[in-house]
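Subject: Structure handover

Hi,

My notes follow below it.

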Amino acid sequence: MDDDLAVLGQQIDKSQVPPIHQKRILAFVNHFIVSTVTFLNKFVIKCESKFIEFENKLQQVEASLQIVESKLASVPDIQDVVVPSEKKDSAPEEEKTEEVAEAENAEVAEAQKPEEPKENGVKACEDVRYRKYFKMVQFGVPPPAVKQKMGAEGLNPDILDEPNRILPDGILYREPVESDED
């Protein structure tokens with residue numbers, strides 16, 4: 001029987017896997033950490049380079065926007081531009097254009113009145129500093145983008161929500177007067 005137990009003991013010893021040495025475990029953990037850190041470093045570098053590329057493209061778009069703004073500002077007789085919507089019915093479209101024309105005529109008549117700066121200040125929409133931003137909204141630029149631009153240029157973006165707000169330090173914008181030469 002002792003021989004049988006010895007044989008069984010050898011079989012048990014052969015079927016068991018010996019434990020991994022601590023040095024080998026440490027080597028596996030170190031390899032895992034090094035490879036993970038290397039991957040993360042490469043990932044961060046790639047993300048930073050993409051952010052830099054995006055920032056450069058954004059700066060190019062901002063420069064283009066400033067060029068368009070300056071070209072727009074150089075056009076003397078720009079009033080409200082109405083973007084035509086898709087025509088559904090001809091009659092409602094005609095009514096809309098008549099209403100828009102009446103509104104434009106009222107605005108032109110109001111703009112042609114000689115206005116003196118009020119003692120209290122100037123409306124935000126008539127202020128020289130904020131006028132171009134209100135025009136951008138009129139031309140269809142999304143208000144959040146205009147507010148972001150205003151903030152970047154050091155102006156209060158909340159004024160865009162209140163075009164009739166009186167600014168005590170405002171500067172009144174006056175339309176250039178063309179002389180009538182016949």
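Is Lys 147 buried, partly exposed or exposed? Lys 147 is partly exposed, because its relative accessible area is 24%. Buried means under 20% relative accessible area, exposed means over 50%, and partly exposed lies in between (1.4 Å probe, protein chains only).

Ground rules first. This is a predicted model, where local features need pLDDT of at least 70, side-chain atom pairs count only at pLDDT 80 or more, and totals for chains, interfaces and linings use all residues. Residues are numbered from 1 along each chain as its sequence is written, and side-chain values use heavy atoms, with hydrogens and water left out.

**Overall**

The protein chain has five helices and two strands. Both are DSSP runs numbered from the N terminus: helices are H or I with at least four residues, strands are E with at least two. Along the sequence the pattern reads α-α-α-β-α-α-β. The protein chain has 182 residues, and 12% of them are buried. It exposes about 15,500 Å², with 58% supplied by carbon and sulfur atoms. Those areas come from the Shrake-Rupley method with a 1.4 Å probe. Take the contacts (heavy atoms within 4.5 Å) with a separation of 6 or more: residues 24 or more positions apart account for 70% of them.

**The α4/α5 pair**

Helix α4 spans residues 128–138 and helix α5 spans residues 143–152. They pack at about 160 degrees, axes 9 Å apart. Axes are lines fitted to C-alpha atoms, for helices over the stretch in contact, and angles run from 0 to 180 degrees between N-to-C directions. α4 and α5 are therefore roughly antiparallel, a label for angles over 145 degrees. From α4, the contact uses Tyr 130, Tyr 133, Met 136 and Val 137. From α5, it uses Val 146, Lys 149 and Met 150. The contact residues divide into six nonpolar, no polar and one charged. Here Ala, Val, Leu, Ile, Met, Phe, Trp, Tyr, Cys and Pro count as nonpolar, Asp, Glu, Lys and Arg as charged, and the others, Gly among them, as polar.

**Two residues**

Lys 147 sits in α5. Not counting residues up to four places away in sequence, Lys 147 touches Pro 157, Leu 160 and Asp 161. Lys 147 and Tyr 133 are 14 residues apart in sequence and 8.3 Å apart in space, C-alpha to C-alpha.

Asp 127 lies in the loop between β1 (122–123) and α4. Asp 127 is buried, at a relative accessible area of 0%. Neighbours within four places in sequence aside, Asp 127 contacts Val 122, Leu 167, Gly 170 and Ile 171.

Best regards

How values were computed: Parallel < 35°, antiparallel > 145°, perpendicular 65-115°, else oblique.
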